[in-house]
Amino acid sequence: MQQTNYIDNLLSLIRKATSQFHTVEAVKDQLAKQGYEELCWKNNWNLQKGGKYMVIHHGSSIFAFTIGSRFQEKESFRIAAAHGDFPGFRIKPNPEVTTEKYVQLNVESYGGVNLSSWLDRGLSAAGRVVLKSDDVFRPKVSLVDLEKTLFTIPNIAIHLEREMNKGVELNKQTQMLPIVGILEEEVDKNCFLSALAEKLQVQVDEILDYELNLYNADRAEKIGLHEEFLSAPRLDNLTSVQALVDGILEGERKEGLNVIAIFDHEEVGSRTKQGAGSMMLPYLLEKIYLSLGGSEQMYKNALAEGLLMSVDVSHGFHPSYGGKYDPTNKNMLNQGFCIKEACSQSYATDSEAVGIVQQICEKEQIPYQKFVNRSDVTGGGTLGSIASAMLPVRTVDLGVPLLAMHSSRELMGAKDQESLTRFIKAYFSL
């Protein structure tokens, strides 16, 4: 598969993955088309060598794995993990806020949001809605994407905020509420819930609860004089999600176990039942080994040779802010994916595991770079350290470099998606 196809696959995912739930559905669809069988957590699994499987956890995390046709229980596993959620805003219950005749949505921030980047954007909403059912312990759950550009968070005119170009702090509760419409009648006080019910073809009183995110409705675009960049919402971390899917679909390893894990809640710390801080990944691996006739001890023995790639975006060098970066480790767009290192273990990387990654890249002629933060700058973390504490195997943090990370629209080098995907494919093949 060539670079253009990898980018086209990413563009398709960006269009579909407008919430963490839609990320899971989009990944599920890709895997199902390639013959992956969906399993249920609560059932016993009848796994076969040469089989391809997937399992969804609470609707917002998904795992997929392939069992080599020559797999033996003593053999180890290779895992690549990413997250399918992204920074933004979550719509609160009782969402309509009326000021004069304006109706706004009451929202709270999700993750580390660059607030100003959400101003003056066309916004929509997506997620899941829980509806009344006959069985109180099994309410109906529906995914919804309003699809159309319905909302915006307008900035204030510079005439009324003369100091805005010197930097003005935005208040999340009062200044980041999107406008929904103008109140024409008293019934419009529930205009958002009414629109949501209409989209789902239910009555308003059937809606029990929801997890709905605002999302930037801009379309992704290839930009630059030679289309060398991709400008799009949700590159953090859909770049990694699609690389994992393409990588496992094209992986050719026959002897071992290949696994991809796409978690929820990384942007808020990962320590949830759907996050990388849960026991789901260790449980998954143990269940696979036991289902294939192995023992608990064989599974524990496999930990000694197990590998985990924590795949998440990195900070690319910004030409207008050169002083923000390490003086000898500057990552340029379109120069390959980044291996991320930190002695604090905010990036879960050790030299032996890095050596493995480098040798794969050199063998396959895949471009890569190394990223380290400035010593006086605290960077973000990833799910790698959290997941590897739950599953103690050699771990490397890596991902494509971005500009404008955590903005509502981000920028990457088009070639970097190819380098990352080729690495994941080689990791699952050699």
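Student: In what order do the six strands of the open sheet stand, and how do they pair?

Tutor: The order is β8-β7-β10-β5-β6-β9, with antiparallel pairing. Two strands count as paired if DSSP finds at least two bridges between them. Strands here are DSSP runs of E with at least two residues, helices are runs of H or I with at least four, and both are numbered from the N terminus. Before we go on: this is a predicted model, where local features need pLDDT of at least 70 and side-chain atom pairs count only at pLDDT 80 or more, while totals for chains, interfaces and linings use all residues. Residues are numbered from 1 along each chain as its sequence is written, and side-chain values use heavy atoms, leaving out hydrogens and water.

Student: What makes β8 and β9 stand at the edges?

Tutor: β8 (140-145) and β9 (179-182) each have a single partner strand, so one side of each has no neighbour in the sheet. On average, neighbouring strands are turned by 25 degrees against each other, direction ignored.

Student: How do you know that β5 and β6 are joined?

Tutor: Strand β5 (residues 88-99) and strand β6 (residues 102-110) run antiparallel and share eight bridges.

Student: Why is α2 called roughly parallel to α4?

Tutor: Two packed helices are described by the angle between their axes and the distance between the axes. Axes are lines fitted to C-alpha atoms, for helices over the stretch in contact, and angles run from 0 to 180 degrees between N-to-C directions. The axes of α2 (residues 20-33) and α4 (residues 235-250) come within 11 Å and cross at roughly 20 degrees. Angles under 35 degrees count as roughly parallel, over 145 as roughly antiparallel, 65 to 115 as roughly perpendicular and the rest as oblique. So α2 is roughly parallel to α4. Contact means heavy atoms within 4.5 Å, and it is made by Thr23, Val27, Gln30 and Leu31 of α2 with Leu238, Val241, Gln242, Val245 and Leu249 of α4.

Student: What makes α7 roughly perpendicular to α9?

Tutor: Helix α7 (residues 351-364) and helix α9 (residues 414-427) pack at about 105 degrees, with axes 10 Å apart. That angle falls in the perpendicular range, hence the label. Val357, Ile360, Cys361 and Glu364 in α7 meet Arg422, Phe423, Ala426 and Tyr427 in α9.

Student: How do you know that aspartate 218 forms a salt bridge with arginine 409?

Tutor: The definition asks for a side-chain nitrogen of Lys or Arg within 4 Å of a carboxyl oxygen of Asp or Glu. In this pair the closest N and O atoms are 3.5 Å apart, and that meets the cut-off. Aspartate 218 lies in the loop between β10 and β11 and arginine 409 in the loop between β19 (401-403) and β20, so the pair ties together parts 191 residues apart in sequence. The whole structure has 17 salt bridges.

Student: What joins β12 to strand β20?

Tutor: Four bridges, with β12 and β20 (residues 410-413) running antiparallel. Phenylalanine 229 stands opposite glycine 413 in β20.
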